[in-house]
Every structure is written in structure tokens, then in C-alpha cells.
Amino acid sequence: MAERPIVIYGDPVLREVTQPVGEIDREVKDLVSDMVDTLKSARGLGLAASQVGAAKRLFIVDLTAIDVNGSLKVFINPEIVETEGEIEMEEGCLSFPDMYLKITRPERVKVRATDLDGNRFEMSADGVSARAILHEYDHTQGKLFVDYLSPLARTLIRGRLRKLAAAS
Ligand code: ZN
């Protein structure tokens, strides 16, 4: 398997509402396998399919990066079942190199998704895991973390965003 190039802000695929995954066939498995290689090499916490240019409804989160007991999880056709609380945390995104922003999101999340074997599962998460799941889920909806900024905060990074978009 192989790494795929990570799509940078400005590429229209990041704004696409992704297509639900049908059968988990060879193509989907290859995509996930490449995403795992890509995420590990980028030392990231999570990666959505649209970030490697595939507008499919799936993402991966690698909790081994923050917790030795963590695991790498695949979320196919994810749905947010419920959220609770609100917390501000610093966030980054592999599609926005070197940009870390304080973003307010729910503190806890319950998510439902299908794994690579085709089994539907439900998972509750808090802390960094919840943050990663909510961030990656947004990617499947064409939503990006900068969308949560206040108009003022957005104005402050406008120049950096323009530079990213111009380079992509
Ligand atoms: Zn992201």
C-alpha cells in the first residue's frame, strides 16, 4: 500500500458533502489502508477520505498517538448520535499545515459507524478522542474547523488562509 498526497485548504473536495459508502470492497479497503499509511507518516490524529481527495463518507482516528492503550479506528458512514457539554481546545488539521486554532465543540460524543468488516458499532468518547471524532466527522460533511471561528478570529487569519488556498 501507499501514502496519498494530503489535500490542502482551497481544494474544492474539502467542501464536498461526501457520498455514503456502499459495499466495503477492495477499493474501499485500499483507500483505508492508504489513509492509515498517510496518517502515520503525517503523525496526525485523524484523517478523512476527502483529505486524500476521495469524497467518500469515512474517516480514521488513530488514538495510539495519544494513548498507549488507544487503537486505530475506522468510521464508515458515521452518524453523530448525541453530544454533550462544550469545551474549547486547540485543534489542528492536516489540510491546514502549521495552523492551530482554539475551537469550541461538544465535550462528549456518541457516534455510530460501520467498521471495515461491515459491522455497525456505537462508541462514546470524550477529551481528545471526542475532539478528533467531531473534527473528522465534519470533514465528511464538507465542514472545516475554521468555520467555527468568530468573524473577528477569521479576519485575523484571512491572510494565512489565502496563502494556503493559493498554494493548493
Ligand atoms: Zn481536518
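In the predicted model, T38 touches A2, E3, R4, I6, L47 and V52, not counting residues up to four places away in sequence; contact here means heavy atoms within 4.5 Å. The model is predicted, so local features need pLDDT of at least 70 and side-chain atom pairs count only at pLDDT 80 or more, while totals for chains, interfaces and linings use all residues. Residues are numbered from 1 along each chain as its sequence is written, and side-chain values use heavy atoms, with hydrogens and water left out.

T38 lies in helix α1, which covers residues 26-42. Helices (DSSP runs of H or I, at least four residues) and strands (runs of E, at least two) are numbered from the N terminus. With a relative accessible area of 3%, T38 is buried; the term buried is applied under 20% relative accessible area, exposed over 50%, and partly exposed in between, with a 1.4 Å probe and protein chains only. The side chain of T38 also reaches the backbone oxygen of D34 at 2.6 Å. A polar contact is a pair of N or O atoms within 3.5 Å; within protein, one must be able to donate a hydrogen and the other to accept it, and residues adjacent in sequence count only if both atoms are side-chain atoms.

The overall fold was examined next. The secondary structure of the protein comprises four helices and seven strands, arranged along the sequence in the pattern α-β-β-β-β-β-β-β-α-α-α. The radius of gyration is 15 Å, close to the 15 Å that the globule rule gives for 168 residues, so the protein is as compact as a globular protein of that length. This radius is taken over C-alpha atoms, and the globule rule is 2.2 Å times the number of residues to the power 0.38. Along the principal axes, the C-alpha atoms fill a box of roughly 45 × 35 × 30 Å. Of the 168 residues, 43% are buried. Among contacts with a separation of 6 or more, 64% are between residues 24 or more positions apart.

Distant parts of the chain are linked by the pair C93, in strand β4 (residues 87-93), and H139, in helix α2 (residues 127-140), 46 residues apart. Both residues are buried: C93 has a relative accessible area of 9%, and H139 has one of 1%.

Helix α2 is largely enclosed by the rest of the structure, because 12 of its 14 residues are buried. The buried residues of α2 include H135, E136 and H139. At 1.5 Å a residue, the helix should span 20 Å, and its end C-alpha atoms are 21 Å apart, which agrees; the expected span is 1.5 Å times one less than the number of residues.

Backbone angles were also considered. Most residues other than glycine have a negative phi. R43, in the loop between α1 and β1 (46-48), has a positive phi near 55 degrees and is exposed, with a relative accessible area of 77%. D98, in strand β5 (residues 96-105), has a positive phi near 60 degrees and is likewise exposed, at 66% relative accessible area.
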